[in-house]
Amino acid sequence: MKVTQHIENANGKPLFSFEILPPLKGQNIKCIFDNIEPLMEFKPPFIDVTYHREEYEFKELPSGLLEKKIVKKRPGTVGICSAIQNKYQVDAIPHILCGGFTKEDTENFLIDMDFLGIDNVVALRGDAVKSEIYFKPEKEGHSYASELVTQINNLNNGVYLDADLQNTNKTSFCIGVAGYPEKHMEAPSLDSDIYFLKQKIKNGADYIITQMFFDNQKFFEFVDKCRAAGITVPIIPGLKPISTKKQLNLIPHRFKVDLPDDLIMEVVKAKDNEAVSQIGIEWCIAQSKELAKAGIPVLHYYSMGKSDNIRQIATEVF
Ligand code: FAD
């Protein structure tokens, strides 16, 4: 079922959903099931599975020259989605990127998803490859998520890359896109970021799912700005409980989001990571309860491969 239908059917009761990442190459599907199992009692209508593009590794040869190797450390997004749908009868949502995909690759990926009975997809640009500073699209690929949304929307209308194809199957993907309450790191301003977010909606996106944030006020202001800009689709907040001291620096560096001073000071004073994890859980419960009270349709949690803390939060909130 489509995410938008799940929201309509919920009759105002907030839904619980979460995101997982594929295991490192060499692991098996059991790690995924072990991650999901403790969260199933909270009846997630959908589970997101991230996509991880290739990385470049440089190996030193005996000659002293460097050999460039292309590696994909976390393959399996679509396979995992299919396995989840089969085992739990829950919608699984693959993320799909512009990065590393030509338009042809994208079309074939979407055809596979359609054949597997996947109804939803989150369309993203992706970041630069780890060893590079700027995002570079493939030669025959998309530069922005808005272009990827157009391609998916075209397929929903039976328009394939090969214009000569006749009597084509129309897919029916519900399309999610990313939004950034504290603006995307490359955007010159929040207003310009929202301007381009609106482009993704105009091109066919059905809902927005946000980057993590730790101050609900930032989310509420972002929603107000989106509504003022004429964006009417559901906006799903992404939430992440802090679990280690290191994340105080990692999160702002990696995701360009701020942490409130109260939270920072609590974490700084914590005696170990067990205490930090408890602080993160309590902060996230407070955030979740306030969002639920404000009538937000879905609360979406970044599990990052751990379910213990998300389980404790869900027990208090849902
Ligand atoms: P876009 O919407 O294309 O925007 C990128 C930047 O370009 C923004 O600054 C925007 O303002 C600007 N922009 C957009 N259009 C134009 C234009 N026409 N002209 C000029 N500027 C423009 N990454 C992964 O690799 N795998 C994942 O599974 C994944 N999942 C994610 C899930 C969520 C909910 C979120 C919030 C992020 C996720 N990411 C993931 C990270 C994401 O790929 C990066 O944040 C990426 O840098 C931007 O992706 P986007 O889809 O938001 O890009």
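Visitor: Which ground rules apply?
Guide: In this predicted model, local features need pLDDT of at least 70, side-chain atom pairs count only at pLDDT 80 or more, and totals for chains, interfaces and linings use all residues. Residues are numbered from 1 along each chain as its sequence is written, and side-chain values use heavy atoms, with hydrogens and water left out.

Visitor: Which residue stands opposite Val 121 in strand 7?
Guide: Strand 6 (residues 120-124) and strand 7 (residues 174-179) run parallel. They are joined by 4 bridges. Opposite Val 121 stands Ile 175.

Visitor: Which residue takes a positive phi in the hairpin of strand 3 and strand 4?
Guide: Strand 3 (residues 55-60) and strand 4 (residues 66-71) run antiparallel, with 6 bridges between them. Glu 57 stands opposite Lys 69 in strand 4. The hairpin has 5 residues between the strands. The positive phi, near 95°, belongs to Gly 64.

Visitor: Which element gives the largest share of the shell around the ligand?
Guide: There are 21 residues around the ligand, where a residue counts as near if one of its heavy atoms lies within 4 Å. Strand 5 (91-97), helix 6 (190-202) and strand 8 (207-212) each supply at least two residues of the shell. The largest share, 3 residues, comes from helix 6.

Visitor: What share of the ligand's exposed area does the protein bury?
Guide: Polar contacts are pairs of N or O atoms within 3.5 Å. A ligand oxygen lies 2.8 Å from a backbone N or O atom of Arg 125, and a ligand oxygen is 2.8 Å from a side-chain N or O atom of His 184. Taken alone, the ligand exposes 980 Å², with accessible areas from the Shrake-Rupley method and a 1.4 Å probe. The protein buries 85% of that.

Methods
Pairing = 2+ DSSP bridges. Polar contact = N/O pair within 3.5 Å; in protein donor to acceptor, adjacent residues only side chain to side chain.
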